[in-house]
Amino acid sequence: VRSEGCIFCDVSRDKGYHGSMEPDRVITQIAGLPEVDGRKIVFELIDEYPIRSLGKLLEGTERHGIKLSQINLVCRVDGINACADDLPEILSFAQRRDVKIMFASIGFESFADRLLRYFCKGITMAEIVACVETLRRLKDRFGRHLLYRRDEGANHGFIRPTPWDDSETLLEMDRNIFLSRLFE
């Protein structure tokens, strides 16, 4: 069966809005948000792959004199990995303006490669570990300006139980969670 994106996902490629919005329209929407203490309230950037446009959005709001507090992102593991080299510059820009960037929901979905294949995620456990390691390195550098952990308010995608769970996949998930410190 040919599938595009996660078989359980409501944000997959075959759903929702397929176009793009012009940056000025997005900035106009942000400008219309209420403010608390002179900064726009926290908002979520709805996009499976928001990192490429995040830097331009930050620059655009700066040009328009809009002060942000926090941007929440819904991301895919492959999107974070593909933009890992861009993230330090984007986060530096955000940090200089005291804007928090929260990876509020990352579609990890499973910590077993077999289940990831069944879900049609297009990612592997090795890619999940690379993503988490990138976020940990960035967290060490950017501290309170980068949020991604559950204790910081994030709620990541994890599909469990599944129709394919068995003792082998449960053992693999538990092992991967322990070895990669994913319980954190």
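Predicted model: local features only at pLDDT ≥ 70, side-chain atom pairs only at ≥ 80, totals over all residues.
Asp166 is partly exposed, with a relative accessibility of 29%. Residues are numbered from 1 along each chain as its sequence is written, and side-chain values use heavy atoms, with hydrogens and water left out.

The side chain of Asp166 meets that of Arg114 in a salt bridge, at 2.7 Å from N to O. This pair links distant parts of the chain: Asp166 sits in the loop between E7 and H7, Arg114 sits in helix H5, and the two are 52 residues apart. A salt bridge here is a side-chain nitrogen of Lys or Arg within 4 Å of a carboxyl oxygen of Asp or Glu. Helices (H or I, at least four residues) and strands (E, at least two) are DSSP runs, numbered from the N terminus.

## Other salt bridges

How many salt bridges does the structure hold? There are 10 salt bridges. Side chains of opposite charge can pair when their charged atoms come close. In one of the pairs, Asp98 bonds to Arg144 through a salt bridge whose closest N and O atoms are 2.9 Å apart. Asp98 lies in the loop between H4 and E5, and Arg144 in the loop between H6 and strand E6 (146-147), so the pair ties together parts that are 46 residues apart in sequence. Asp98 is partly exposed at a relative accessible area of 31%, and Arg144 is also partly exposed, at 48% relative accessibility.

Another salt bridge joins the side chains of Asp78 and Arg76, with 3.0 Å from N to O. Asp78 is partly exposed at 25% relative accessibility, whereas Arg76 is buried, with a relative accessible area of 14%.

## The chain as a whole

The protein chain has 7 helices and 7 strands. Along the sequence they follow the pattern α-β-β-β-α-β-α-α-β-α-α-β-β-α. Of the 184 residues in the chain, 45% are buried.

Contact means heavy atoms within 4.5 Å. Among contacts between residues at least 6 apart in sequence, 75% join residues at least 24 apart. The chain exposes about 10600 Å², and carbon and sulfur atoms supply 51% of this area. Accessible areas come from the Shrake-Rupley method with a 1.4 Å probe; for residues, only the protein chains shown count as cover.

## Helix H7

Helix H7 has 13 residues and reaches 18 Å from its first C-alpha to its last, close to the 18 Å expected at 1.5 Å a residue. The expected span is 1.5 Å times one less than the number of residues. Which residues of H7 are buried? They are Thr169, Glu172, Met173, Asn176 and Ile177. These residues cover an arc of only 125° around the axis, which puts them on the same side of H7. The arc is that of the directions from the helix axis to the C-beta atoms. An α-helix has 3.6 residues a turn, so residues three or four places apart point the same way.

The cover over the buried residues of H7 includes helix H5 (113-119), helix H6 (125-142) and strand E7 (157-158). Thr169, in helix H7, is buried at 1% relative accessibility. Apart from neighbours within four places in sequence, Thr169 is in contact with Ala112, Arg114, Leu115 and Trp164.

## The exposed side of H7

On the other side of H7, Ser167, Glu168, Leu171, Phe178 and Leu179 are exposed. Leu179 belongs to helix H7 (residues 167-179) and has a relative accessible area of 58%.

Together with Phe178 and Phe183, Leu179 forms a nonpolar patch on the surface, with about 370 Å² of accessible area in total. Patches are made of residues with over 30% relative accessible area and no salt bridge; like charges are joined within 9 Å, and nonpolar side chains (Val, Leu, Ile, Met, Phe, Trp, Tyr) within 5 Å.

## Helix H2

Helix H2 (residues 51-63) also has 13 residues and reaches 19 Å from its first C-alpha to its last, close to the 18 Å expected. The buried residues of H2 are Ile51, Leu54, Gly55, Leu57, Leu58, Gly60 and Thr61. Among the elements that cover them are helix H1 (23-31), strand E4 (70-75) and strand E5 (100-109). Just after H2, Gly65 takes a positive phi of about 70°.

Definitions and conventions
Buried < 20%, exposed > 50% of the residue type's maximum accessible area, 1.4 Å probe, protein only.
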